[in-house]
Amino acid sequence: MPQDEITSPGSLENVARTVTLLSVVAPVFEEADNLVEFHRRTMAALEGLPVELILVDDGSNDHSADLLAELAAADRRVMVVTLSRNFGHQAALTAGLDHASGNVVVMLDADLQDPPELIPQMLDRWRAGVDVVYAVRTARAGESRTKLASSRAFYSVFEKLASLDLQRNSGDFRLFDRRALDVLLSMRERNRFLRGMSVWIGFTQTAVPYERDARHAGESKYTTRRMLSFSLDAISSFSHVPLQIATLLGFIVSGVAFLGIPVAIGLKIAGAFVPGVTSVLLAVLLIGGIQLITVGLIGEYVGRIYDEVKARPLYVVEKVLNAETRAGGNSRERSAGRT
């Protein structure tokens, strides 16, 4: 999709929109070196706008909690949502979105790779009638070749397996109109892939290009293991193709086996049949390996069904700072943990 193209089942609204309250949501996991600068740059970029900054402490082990408390005490526009433990990036983002009261909401990371100075440009698109505005990275400074290659591979695989038009190099840096966000928040699946979910809901959507900066400080918390888990969650949430591939493999192996029966009989009659342990062993290993792969794929989906059936909250809130300043706010922020 071209970056300036607007996708929508209908046309843009003709009435200009006004920001009554802009909610900016950012998850925080051990970002002590970035928090003060993130707060400064965000508030400077949004000067003159009615804004609330919602920072979600996702079980940080450094002194992020102390800095968040200081920011909340110094600036009443800052709401700090502290989770009882580390629930993961997507759950922390969801917690922040649940607590957002604005008629327009932006989510981004607090490591300053996503520049808050881009938000006014995204707001211009929203004022023109676009319901979802997502930022697309044209350059990614400070990221290793391995990470860039794995990102390209993920988007390529996701594009082929999922019936969803997910813009390549788009991340979680997104703006939502309140009506679009309410639909997104009604989707409470446990294995969350918010960038995919935000495309799935539809409405008018467009992209804003930007050059992604290197981290302001610190190191990325996304390890290879976490990225693989995140990729698996994304694919399993929006595609049944892996299960279909497992079924196809089963038919192929069965077909080969059935074709081998008359061949074996013919060789036996012709006296050319030579028994061999190696051929039997290879066949058993091949079929057994395919069975294990297919059972594993099925197990991944069954495990996700099990997570949904348990119906546990997506996150648990330990405390909220400055919540009392949000009179008439979103009712979701009153709950300690949303199912």
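A residue is termed buried when its relative accessible area is under 20%, exposed when that area is over 50% and partly exposed in between (1.4 Å probe, protein chains only). The structure is a predicted model, in which local features need pLDDT of at least 70 and side-chain atom pairs count only at pLDDT 80 or more, whereas totals for chains, interfaces and linings use all residues. Residues are numbered from 1 along each chain as its sequence is written, and side-chain values use heavy atoms, with hydrogens and water left out.

The protein chain has an average pLDDT (the predictor's confidence in each residue, from 0 to 100) of 76, and 63% of the residues score at least 70. Over residues 327-336 the pLDDT is below 50, although this stretch has 22 contacts in the model beyond near neighbours in sequence; contact denotes heavy atoms within 4.5 Å. Ten helices and eight strands are present in the protein chain; these are DSSP runs, with helices being H or I of at least four residues and strands E of at least two, numbered from the N terminus. Of the 339 residues, 44% count as buried. Among contacts between residues at least 6 apart in sequence, 84% join residues at least 24 apart.

In soluble globular proteins, nonpolar side chains tend to be buried together. A nonpolar core is defined here as a set of buried Ala, Val, Leu, Ile, Met, Phe, Trp, Tyr and Cys residues joined through side-chain atoms within 4.5 Å. The largest such core holds 36 residues, of which Leu22, Leu55 and Phe173 touch the most other members. Apart from neighbours within four places in sequence, the contacts of Leu22 include Leu46, Leu49, Val104, Val106, Ile119 and Leu123. A second, separate core comprises 26 residues, among them Ile54, Ala180, Leu181 and Val317.

Ala180 belongs to helix α6 (residues 178-185) and counts as buried because its relative accessibility is 0%. Beyond neighbours within four places in sequence, Ala180 is in contact with Asp131, Val132, Ile201 and Phe203. Phe203, one of the contacts of Ala180, is situated in the loop between α7 (194-200) and β7. Phe203 has a positive phi of about 65° although it is not a glycine, and it is partly exposed, with a relative accessible area of 22%.

A positive phi in a residue other than glycine is also found at Leu112, with a value near 70°. Leu112 is placed in the loop between β4 (104-107) and α4 (119-127). Its relative accessible area is 1%, so Leu112 is buried.

Helix α2 (residues 64-74) has Ser64, Leu67, Leu68, Leu71 and Ala72 as its buried residues. Seen down the axis of α2, these fall within an arc of 135° and therefore line one face of the helix; the arc is that of the directions from the helix axis to the C-beta atoms. On the other side of α2, Asp66, Glu70, Ala73 and Ala74 are exposed. The cover over the buried residues of α2 includes β1 (22-28), α1 (35-45), β2 (51-57), β3 and β8 (317-321). In helix α1, the buried residues are Leu35, Phe38, His39, Arg41, Thr42 and Met43, and they pack against β1, β2, α2 and β3.

Strand β3 (residues 78-83) contains Thr82, which counts as buried because its relative accessibility is 11%. With neighbours within four places in sequence set aside, Thr82 is in contact with Asp57, Val316, Val317, Glu318 and Lys319.

Rings of Phe, Tyr and Trp (its six-membered ring) are paired if their centres lie within 6.5 Å, with planes under 30 degrees apart counted as stacked, over 60 as edge-to-face and the rest as tilted. By this rule there is one aromatic pair. Phe173 and Tyr210 form this edge-to-face pair, at 5.8 Å centre to centre and with 85° between the planes. Phe173 lies in strand β6 (residues 170-177) and Tyr210 in strand β7 (residues 205-212), so the pair ties together parts that are 37 residues apart in sequence. Both Phe173 and Tyr210 are buried.
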